Amino acid sequence: MLPNNGNVVLTSRQAADLSPKTVHVLPTETVPQGVSALLAVRYDEETEQILETMRQAAEHTAPPN
């Protein structure tokens, strides 16, 4: 889950905890961070590696002006 808003990261984590399915929350705070994370996905990698790659991409995205 990509919240893309700092105000809903906690809510996203709570929703993930309530889901019967496996849900990972990547705490993106802006839409550009979310887009960068999605563009970094390589579907031939293991889940943990995908999440780490997405996390790094989001962290290296400049905040909006």
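Setting aside residues up to four places away in sequence, Thr61 makes contact (heavy atoms within 4.5 Å) with Pro32, Gln33 and Ser36. This is a predicted model, where local features need pLDDT of at least 70 and side-chain atom pairs count only at pLDDT 80 or more, while totals for chains, interfaces and linings use all residues. Residues are numbered from 1 along each chain as its sequence is written, and side-chain values use heavy atoms, with hydrogens and water left out.

**More on Thr61**
- You'll find Thr61 in the segment after α3; helices here are DSSP runs (H or I, at least four residues), numbered from the N terminus.
- Thr61 has a relative accessible area of 16%, so it counts as buried (under 20%; exposed is over 50%, and partly exposed lies in between, with a 1.4 Å probe and protein chains only).
- From C-alpha to C-alpha, Thr61 sits 9.4 Å from Thr30, though 31 residues separate them in sequence.

**How α2 and α3 pack**
- Helix α2 (residues 31-39) packs against helix α3 (residues 47-59) at an angle of about 140°, and their axes are 8 Å apart.
- That makes the pair oblique, the label for whatever is left once angles under 35 degrees (roughly parallel), over 145 (roughly antiparallel) and 65 to 115 (roughly perpendicular) are taken out.
- Those axes are lines fitted to C-alpha atoms over the stretch in contact, with angles running from 0 to 180 degrees between N-to-C directions.
- On the α2 side, Gln33, Ser36, Ala37 and Leu38 meet Met54, Ala57 and Ala58 of α3.
- Sorted by class, this contact has 5 nonpolar, 2 polar and no charged residues.

**The nonpolar core**
- The largest nonpolar core has 6 residues: Leu26, Ala37, Val41, Ile50, Met54 and Ala58.
- A core here is a set of buried Ala, Val, Leu, Ile, Met, Phe, Trp, Tyr and Cys residues joined through side-chain atoms within 4.5 Å.
- Helix α3 gives the most to this core, with 3 residues.
- Beyond its neighbours within four places in sequence, Leu26 touches Met1, Leu2, Pro3, Ala37, Leu51, Met54 and Arg55.

- Ser12 belongs to helix α1 (residues 9-18) and is buried, at 7% relative accessibility.
- Not counting residues up to four places away in sequence, Ser12 is in contact with Met1, Pro3 and Val25.
- Asn4 lies in the segment before α1 and is partly exposed, at 25% relative accessibility.
- Phi of Asn4 is near 55°, a positive value in a residue other than glycine.
- Most residues other than glycine have a negative phi.

Technical notes:
Helices (H or I, at least four residues) and strands (E, at least two) are DSSP runs, numbered from the N terminus. Ala, Val, Leu, Ile, Met, Phe, Trp, Tyr, Cys and Pro count as nonpolar, Asp, Glu, Lys and Arg as charged, and the others, Gly among them, as polar.
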